[in-house]
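Let me put the model up on the screen, and then we'll walk through it together.

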Amino acid sequence: MGPLFRRKSHGTTKAGGTSKGPETRRRILAHSMRVAASHGLAGLTIGRLARDLNMSKSGLFAHFRSKRVLELATINEARKVFTSQVLVPATAGNEGIERLWILCDSWLAHIERRVFPGGYFFTGAFFECAERSGAVEAEINAMARDWWNILKSAVLKAQDRKEIDPTADARRVSFDLNGILMAAFWAFLVEKDPEIFGEGRIAVRAKLESLATKRIPVSVFKSEDAWKGYLNGKRVREKEKPLSALRRLGGKKAPPGAPSSLQPKLPEKRKGVLDGLRSLTQK
């Protein structure tokens, strides 16, 4: 056929020439996540999405050539959402007990806000797929392993920083914290009472209190305000540490015209600076 009879591209354009394909794909995936979160991947079909979105099946097939491709794309999109809502906020806090707390708090918050409007991602999906094989099941299991490893790594880092008992079994601590989160989710699905999330946070704080070393005052665990106040103050102090270290390193102000202690032509001075840095890192 000649060029006038070539099949039109699936990426139709708006005025101005911008392709609608990516926008349509995002709309499909956003709805597919809602369906899967409420009804599981089994409820996710091309026909259902076509009806819900008032699209033709052929239009959906232009973006997802099979149910499996649709499922994998939906899982990948859900993973991005989970990462942005739960994992990324934790990186704003200091490593150690603060990051461990933010991971648990953000996990509860994403359920509380109904980021996924159902009990499927990522708990129901995992229980459904844990003992099955296949590409879809492998992706779900990988997400569960990633969460477990991130949680356990945060526990280990808190132990390295001597903020929680270094002799505690990190795997058991992760097990207990994850159990609190799952129990809060389960209780919410049963009772539909949003107060449960507050109770979940109290349980997480109580667990951290039972593990905390003497570096953390017992009083900060007594209320949410006290705990948040402690973490905010700690964050400020951590930010000020590098400046304080530089001040200690600099010592007294050198007289005008004196040579710099960092100049290469004075090796004995350089040695003094290096010794100072070593002493700082050993504290």
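So, to start: among contacts in the protein chain between residues at least 6 apart in sequence, what percentage join residues at least 24 apart? It's 61%, with a contact meaning heavy atoms within 4.5 Å.

Some ground rules. This is a predicted model, so local features need pLDDT of at least 70 and side-chain atom pairs count only at pLDDT 80 or more, while totals for chains, interfaces and linings use all residues. Residues are numbered from 1 along each chain as its sequence is written, and side-chain values use heavy atoms, with hydrogens and water left out.

On confidence: pLDDT is the predictor's own confidence in each residue, from 0 to 100. The chain averages 81, and 78% of its residues reach 70 or more. Residues 1-18 are below 50, and that stretch has 13 contacts beyond near neighbours in sequence. Residues 243-249 also stay under 50, with seven contacts beyond four places in sequence. Where pLDDT is low, the predicted coordinates should not be read in detail.

What's the secondary structure? The protein chain has 11 helices and zero strands. Those are DSSP runs, numbered from the N terminus: H or I for helices, at least four residues, and E for strands, at least two.

Buried means under 20% relative accessible area, exposed over 50%, partly exposed in between, with a 1.4 Å probe and protein chains only. Across the 283 residues of the chain, 37% are buried.

Now the rings. There are six aromatic pairs in the whole structure. Phe, Tyr and Trp rings (six-membered ring for Trp) pair if their centres lie within 6.5 Å; planes under 30 degrees apart are stacked, over 60 edge-to-face, the rest tilted. F188 and F197 are a tilted pair, 4.8 Å centre to centre with 45° between the planes. F188 is buried at 9% relative accessible area, and F197 is buried at 1%.

W227 and Y230 are stacked, because their centres are 5.9 Å apart and their planes at 20°. They sit three residues apart in α10 (residues 224-250), so about one helical turn separates them.
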